[in-house]
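Look over the sequence and the fold before reading on.

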Amino acid sequence: MEARTPDLSRLDTRRRKIYYRATHRGTHETDVLIGGFVAPRLEGMTEAQLDALEAVMDLPDADLADWLSGRRPVPEELNTPMMKEIMADATDPARLAAIRGGK
């Protein structure tokens with residue numbers, strides 16, 4: 001899925017805050033991985049999905065970067081459906097090529 005900036009004027013306050021947090025994580029790597037997952041999906045997420053996303057985003061950046069890059073496995077207790085969705089996006093070959101500047 002191609003990363004794009006959602007129309008922030010159409011988003012409620014919660015979604016705008018989530019978008020900001022997803023794209024301003026503290027490290028470029030997690031900005032790209034989490035922000036790239038969130039941007040094209042945010043407008044269509046349910047409240048339950050937003051809750052699950054916020055739970056993932058509350059985890060430490062260093063751990064997220066290690067898990068999403070495959071340097072370490074995600075602990076079983078944190079391997080939630082939302083984490084699995086984010087992991088699938090982070091390891092998608094087309095997404096990786098786009099991140100690296102490929103086609």
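## R15 and its partners

The side chains of R15 and D12 are joined by a polar contact of 2.7 Å. This is a predicted model. R15 is part of helix α1.

Is R15 buried or exposed? R15 has a relative accessible area of 9%. Buried means under 20%, so R15 is buried. Its contacts beyond four places in sequence are L42, E43, M45, T46, E47 and L50.

## Before helix α1

R10 has a relative accessible area of 61%, so it is exposed. L11 has 6% relative accessibility, so it counts as buried.

What joins the side chains of R10 and E43? A polar contact of 3.1 Å does. R10 and E43 are 33 residues apart in sequence. In space, their C-alpha atoms are 8.4 Å apart.

L11 also has contacts to list. Setting aside neighbours within four places in sequence, L11 is in contact with P6, R16, L42 and E43. L53 lies 42 residues from L11 along the chain. The C-alpha atoms of L11 and L53 are separated by 16 Å.

## Helix α3 and its buried face

Which residues of α3 are buried? They are L50, L53, V56 and M57. Look down the axis of α3: these buried residues fall within an arc of 120°, so they line one face of the helix.

An α-helix has 3.6 residues a turn, so residues three or four places apart point the same way.

What do the buried residues of α3 pack against? Their packing partners are α1, α2, α4 and α5.

## Helix α4 and what covers it

Helix α4 has its own buried residues: D61, L64, A65, D66, W67 and L68. Among the elements that cover them are α2 (28–38), α3 (47–57) and α5.

What follows α4? The residue is G70. The phi of G70 is positive, near 85°.

## Where α4 meets α5

Two packed helices are described by the angle between their axes and the distance between the axes. Take helix α4 (residues 61–69) and helix α5 (residues 81–90): their axes come within 9 Å. These axes cross at roughly 60°. That makes α4 oblique to α5.

Now go to the residues. From α4 come L64, W67 and L68. They meet M83, I86, M87 and A90 in α5. How many residues of this contact are nonpolar, polar and charged? Seven are nonpolar, none is polar and none is charged.

## The buried side of α5

The buried residues of α5 are M82, M83, I86, M87, D89 and A90. Why do they sit on the same side of α5? They do so because they cover an arc of only 160° around the axis.

M82 lies in helix α5. Its relative accessibility is 4%, so M82 counts as buried. What does M82 touch, not counting residues up to four places away in sequence? The list is F37, M45, Q49, A52, L53 and V56. D31 is 51 residues from M82 along the chain. The C-alpha atoms of M82 and D31 are separated by 17 Å.

Note on methods. Residues numbered from 1 in each chain as written. Predicted model: local features only at pLDDT ≥ 70, side-chain atom pairs only at ≥ 80, totals over all residues. Heavy atoms only, no water. Axes fitted to C-alpha atoms, helices over the stretch in contact; angles between N-to-C directions. Helix = DSSP H or I, 4+ residues; strand = E, 2+ residues; numbered from the N terminus. Parallel < 35°, antiparallel > 145°, perpendicular 65-115°, else oblique. Contact = heavy atoms within 4.5 Å. Nonpolar A, V, L, I, M, F, W, Y, C, P; charged D, E, K, R; others polar. Buried < 20%, exposed > 50% of the residue type's maximum accessible area, 1.4 Å probe, protein only. Arc of directions from axis to C-beta. Polar contact = N/O pair within 3.5 Å; in protein donor to acceptor, adjacent residues only side chain to side chain.
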